[in-house]
Amino acid sequence: MIPQKIVARLRVGRAWTVELHGGLGFAAGRLGTWLGVRETAVGPVLRVEVRLARGVADAAPLWDFVRERQRQEVLLGRWVHDPDTGVLALVAELPITGGASCVPTLARCVAELVYEAEAMAAIGVPELELGAATALTAINGRLRDRPHRIATHLRVAKSGRTTVETVLDEARTALRARPGEHTCAIRLDRHPRLGWGVRLAAAPGDAVWRPKETGGWGNISTGDGFVTRLNRLDEQFATFAPGRWAFDQNGVTYRLFLSAAVLDTGGAHAVEAVIALAEAVAVRALPPTSARSGPLLVATSWPGDDTAGQDTAGQDACPFDAADIPEHPNRLTAYELYRDRPVDKPGSLAGTVVLVEVSDVDDDRLYVIPESWARGELRGYATLCHARTYRDVLVDDDAVETVVAALERRLEDDEPEEGDEAEGGVDARELFARRVAEDARFDTDAVFGVEGWRDWIPSAEESSAWFAESKVPVLWSRFKRVDGAWGIDYDPTDYLPAEDRERILAELRVLGCEIRECPGLVRLYWDPDPDLVARIDAGEWPPRPEAPKPAPAYDRSEEPA
């Protein structure tokens with residue numbers, strides 16, 4: 001009866017609920033949420049599955065998504081992918097402490113899970129990041145035409161730090177009084193959106209990496225898909241799984257965040273809930289003592305899945321939009337939890353011409369630089385490379401500003417060029433104008449210094465990386481490779497791999513980019529031709545694609561008699 005009480009607490013109408021897979025399912029927005037109760041060695045737990053996407057391949061887009069989501073400021077649950085069905089769901093298991101009196105706490109936890117998954121669906125993650133389909137869920141043959149408030153609004157607790165600290169102190173005291181060593185770190189923390197709360201974390205020791213036959217997890221590669229595999233392995237633990245795995249510069253950790261709103265609803269049971277969750281998190285620091293059997297996901301299929309997405313073109317099946325959701329006091333609205341998250345939108349780069357090359361010097365790296373960027377950078381660079389006097393610098397406005405900035409740094413450091421008198425009382429722009437009037441000789445080493453090459457020499461590597469990172473951040477996060485090279489005066493720059501060239505260019509075309517091959521592009525960033533400025537001004541560089549040649553006229557005189 002716990003699932004029914006939770007749904008009633010959330011005020012989801014019966015018309016949007018359905019009994020399936022031994023539990024209760026409901027639709028609050030685009031997605032289906034399944035609630036079920038199962039028995040464990042530590043008592044009954046509530047299992048929550050919010051299905052986000054279908055047709056998800058066990059490949060790089062999924063691995064990148066799971067890795068990035070696990071590292072961000074997270075709440076409850078973990079992203080679990082079932083490779084057999086291609087379903088991706090947000091899953092959490094929560095202790096049922098105190099019987100029906102814990103329903104308010106569990107209902108708030110369910111609301112947070114629904115909100116997080118619905119936010120992902122609203123910003124198009126399944127289609128844009130995973131190359132899959134949103135798991136639109138119909139109840140009794142109908143899709144919702146308006147979302148329930150838990151799919152669009154998440155209440156922020158009114159309680160402050162003091163309330164959270166009180167629960168935290170009582171939980172720590174109770175845990176210290178229990179026998180055995182508790183390896184869960186419990187601390188006060190502040191979520192950037194939901195305010196104060198309790199963060200639980202545990203780091204597995206070396207014992208978990210022992211071979212399976214000796215009680216460990218075995219040799220798990222930390223390469224691609226590592227966190228995705230960890231989330232699947234979490235099903236091996238006999239106890240319940242409330243949080244999620246993460247892998248970053250700090251190593252492997254298991255994390256969970258309880259917001260103040262969860263603790264508020266818990267009342268007298270809040271401390272008991274924190275203790276139960278802390279013990280479940282602490283178990284993740286140890287090898288699994290006994291594995292449990294069963295599928296990775298329970299509710300992979302729902303009635304009406306065959307027709308839920310037909311004739312809808314994805315998101316159009318649920319016409320409500322975050323921009324139409326009204327503001328509400330003390331609630332995160334309009335999917336604010338992910339408002340700062342970048343999204344690559346089809347057609348967003350319409351009209352952008354991107355120059356592409358794989359250089360002979362570095363054939364692992366795919367260069368993608370907008371034509372407008374390359375024209376500006378190379379015109380200024382070529383001007384400075386081939387200028388003989390300060391008057392020659394006037395050809396390019398950006399080159400002028402680069403030189404003026406260098407002169408300003410020298411004046412601030414009181415480092416006049418060799419052979420010049422100190423320019424007291426003269427600012428950099430006046431000094432530049434004086435040297436132009438004098439037609440003074442221009443020398444880049446004298447102006448920028450031998451060590452100042454970064455101030456005036458553009459980098460094709462940095463331009464390509466910055467375009468991808470700033471304009472197509474999702475594509476960049478999925479495909480980027482770490483530059484592991486090193487050397488004196490070498491600045492490592494992450495890059496797009498040439499081996500994924502066709503996939504990357506195909507996605508850029510979807511975003512509206514015109515792709516133009518540009519042989520010799522990278523060479524010009526090292527050694528611009530003396531006539532490059534004139535060629536750019538004449539429209540001869542970058543070279544235009546050749547127009548298709550017309551078919552030769554048919555010569556009827558050659559027809560047989």
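Colleague: Which residues line the second largest cavity?
Modeller: In this predicted model, the second largest cavity has a volume of about 30 Å³. Both β15 and α15 (460–471) supply at least two residues of its lining. The lining of the second largest cavity consists of Arg365, Leu366, Glu461, Ser464, Ala465, Asp494, Tyr495 and Leu496.

Colleague: Which element supplies the largest share of the lining of the second largest cavity?
Modeller: By class, the lining of the second largest cavity divides into 4 nonpolar, 1 polar and 3 charged residues. The largest share, 3 residues, comes from α15.

Colleague: With which side chain does the side chain of Arg365 make a polar contact?
Modeller: Leaving aside neighbours within four places in sequence, the contacts of Arg365 include Glu357, Glu461, Asp483, Thr493 and Asp494. A polar atom of the Arg365 side chain lies 3.1 Å from the backbone oxygen of Thr493. The side-chain to side-chain polar contact, at 3.2 Å, is with Asp483.

Colleague: Which residues are the closest to the centre of the largest cavity?
Modeller: The structure holds 2 cavities of 30 Å³ or more, and the largest has a volume of about 120 Å³. Of the 16 residues that line the largest cavity, the closest to its centre are Pro95, Thr105, Val262, Ala273 and Leu277.

Colleague: Which element supplies the largest share of the lining of the largest cavity?
Modeller: The lining of the largest cavity has 12 nonpolar, 4 polar and no charged residues. At least two of its residues come from each of β6 (87–95), α3 (103–122), α7 (260–266) and α8 (270–283). The largest share, 4 residues, is that of α8.

Colleague: Why is the pair of Trp245 and Tyr254 edge-to-face?
Modeller: A search of the whole structure finds 7 aromatic pairs. The ring centres of Trp245 and Tyr254 are 4.9 Å apart, and both residues are buried. The pair counts as edge-to-face because its planes stand at 70°.

Colleague: Which residues form one aromatic cluster?
Modeller: A pair of aromatic rings is described by the distance of the centres and the angle of the planes. One aromatic cluster is formed by Tyr381, Phe448 and Trp456.

How values were computed:
Residues are numbered from 1 along each chain as its sequence is written. This is a predicted model: local features need pLDDT of at least 70, side-chain atom pairs count only at pLDDT 80 or more; totals for chains, interfaces and linings use all residues. Side-chain values use heavy atoms; hydrogens and water are left out. Contact means heavy atoms within 4.5 Å. A polar contact is a pair of N or O atoms within 3.5 Å; within protein, one must be able to donate a hydrogen and the other to accept it, and residues adjacent in sequence count only if both atoms are side-chain atoms. Rings of Phe, Tyr and Trp (its six-membered ring) pair if their centres lie within 6.5 Å; planes under 30 degrees apart count as stacked, over 60 as edge-to-face and the rest as tilted. Buried means under 20% relative accessible area, exposed over 50%, partly exposed in between (1.4 Å probe, protein chains only). On a 1 Å grid over the protein atoms alone, a cavity is a set of points where a 1.4 Å probe fits but cannot get out, and a pocket is an open set with protein on both sides within 12 Å along at least five of seven lines; lining residues have an atom within 4 Å of a point. Grid points are joined across faces, edges and corners, and a volume is the space filled by probe spheres set on the points. Ala, Val, Leu, Ile, Met, Phe, Trp, Tyr, Cys and Pro count as nonpolar, Asp, Glu, Lys and Arg as charged, and the others, Gly among them, as polar.
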